[in-house]
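Student: I've got a model open in my viewer and I'd like to learn how to read it. Can we go through it together?

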Amino acid sequence: MTKLEALIAWARSQGASLDHRIKVESSSLGGLGIIATQDIPEDSIVLRVPQSSTYDIQTLLEYTEELKKQNEDVSKVINGVLTSISSPTETTVIRGYIWSFSILQSMGVSMDLIKPYMDILLSTEIFDVEEDLESSDSFVQWQINQKKRVIAEHTDIVRAHPELAQHLSPKDAFRLHQAVKSRVLEIPHALEGDEKYQFTTRVTLVPMLDFANHARDNNAVFDVDKETKEVILRVTRDVSKSTEICICYSPSNDMGMFFRTYGFIPSVGEYEWVLPNFNEIVNCTKNTENEDYLRMAKWLRVTPKVTLHASKEDVKVDLTESRLPLLMIPGLTYYAGWRNEKADIEEDEQDIEELIVEEEENGVILSTETAYGVVYEDAYVSVPNILEQTWEDSENGIRELVKLTIPLLTRAAEASKSADTTTLAATAIQHDTQQMRNYFRVKHELLTHLLEHSTRDFIDMISHLQ
């Protein structure tokens, strides 16, 4: 019996009810999904999971109390793990329980009531990376930092309880962390005693329901049956045979939120693209040498990134929000000696020490309207009046700045795709996962669509810069 077959048999033994018209199998979206094996009419409930078979903080506490009656190691292990959580949230506490159960299972404690689900969590494919991987991709960098934090938590646990090290490896700790994070859902619960139906939500693992993949145009929703308290999966429109049944994990358009929360990005939404090798690319585009455009960007409130708005068929870029074309104004120069202009800065009632900290640590400098670190024709640049000061305030001037920005975006897109190919090659041996391939596939589709735009398209995407 496979792990999936064992899980389904276990779920049924725990009271879950699966409609005969659905099946869990490989999904075109990646991993496993819930597929219709027959036509299913609108409003059909295709899955029921008893509340007692779900895992939120309350049910995990109840399950733990039962385990304690069987083995004296349970309290020590669970208390040791939970007290080591540095920033407790519902999700990290649930993950702490799952870590504890994995340790107890390794120690030989009978975990029959949850073992099939634990096996699925431990075999869940995740977006994994090596902590020392060098990548220019901002999402990959975020994942590396997250993994470092999780490994640090694991280190704290084994430092305090060395005997647990052999029962939970750093690799399994991170896999379980990612599996829990990607599978939890916010399940509604009615508040007792209210005349009107009001509810709160609890972060919960729901076996079987967590096979439902995300789609913005979802054809199903999950809810709680008011009478039975079961978690249910209901289709919201007619579903034809062989169609995947999907729910909407979140109405957010932010692809970054999906990546940080669920470990993947959907193909539609808003992607915050951080331009790689910024100084090098801008210098190349403007035919300058060793100009510090990153610092210049801080003073001009230009972010070295753009938001890509992806629909099913096209990608648009918001140049107004990033103010990136301002950096393309000819003649702008970074003035490294601004820190010596104390008299000028104090005359404007600015604190030079605070500005030094802002330039070093902040993404943009907001405390002053004078860009002391940027000069144009030997004069400080006024951030609010930069277009007038540099004679670019006409419609034609703005259009020309947008035209100058296009080669910058082209170079950045090509550099990004090349760097990502290198990242994939570097991780292919140890972490060649479907999640990683899908992420870069979606990202590269966005960049490819961006490169297909004409100059007229880019000009139409911007209304003003100030």
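Student: Let's start with Glu349: in which loop does Glu349 lie?

Tutor: Glu349 sits in the loop between helix H12 (342–347) and helix H13 (352–361). Helices here are DSSP runs of H or I with at least four residues, strands are E runs with at least two, and both are numbered from the N terminus. Before we go on, keep in mind that this is a predicted model, where local features need pLDDT of at least 70, side-chain atom pairs count only at pLDDT 80 or more, and totals for chains, interfaces and linings use all residues. Residues are numbered from 1 along each chain as its sequence is written, and side-chain values use heavy atoms, with hydrogens and water left out.

Student: What is the phi of Glu349?

Tutor: The general idea is that most residues other than glycine have a negative phi. Glu349 has a positive phi of about 60 degrees, although it is not a glycine. Glu349 is also exposed, at 74% relative accessibility; exposed means over 50% relative accessible area, buried under 20%, and partly exposed in between, using a 1.4 Å probe and protein chains only.

Student: Which loop holds Asn287, and is Asn287 buried or exposed?

Tutor: Asn287 is in the loop between helix H9 (278–286) and helix H10 (293–299). Asn287 is exposed, with a relative accessible area of 70%. Its phi is positive too, about 55 degrees, and Asn287 is not a glycine.

Student: What does UniProt place at residues 335–362?

Tutor: The unreviewed UniProt entry has a "coiled-coil region" there. UniProt positions are given in the numbering used here, feature names are shortened, and annotations may be inferred rather than shown by experiment. In the model, residues 335–362 are 57% helix and 0% strand, with the end C-alpha atoms 18 Å apart.

Student: How do I read two packed helices, say H3 and H4?

Tutor: Two packed helices are described by the angle between their axes and the distance between the axes. Helix H3 (residues 73–82) and helix H4 (residues 90–106) have axes that come within 9 Å and cross at roughly 140 degrees. The axes are lines fitted to C-alpha atoms, for helices over the stretch in contact, and angles run from 0 to 180 degrees between N-to-C directions. H3 and H4 are therefore oblique to each other: under 35 degrees is roughly parallel, over 145 roughly antiparallel, 65 to 115 roughly perpendicular, and the rest oblique.

Student: Which residues in H3 and H4 meet?

Tutor: Contact means heavy atoms within 4.5 Å. Among those in H3 are Asp73, Val74 and Val77, and H4 brings residues including Tyr97, Trp99 and Phe101. By class, the contact of H3 with H4 divides into eleven nonpolar, two polar and one charged. Nonpolar covers Ala, Val, Leu, Ile, Met, Phe, Trp, Tyr, Cys and Pro, charged covers Asp, Glu, Lys and Arg, and the others, Gly among them, are polar.

Student: At what angle do H6 and H7 pack?

Tutor: Helix H6 (residues 138–160) and helix H7 (residues 170–183) pack at about 120 degrees, with their axes 9 Å apart. That makes H6 oblique to H7. Their contact includes Trp142 of H6 and Phe174 of H7, and by class it has six nonpolar, five polar and two charged residues.

Student: And how many helices and strands are in the chain?

Tutor: The chain has 17 helices and 16 strands. Buried residues make up 50% of its 466 residues.
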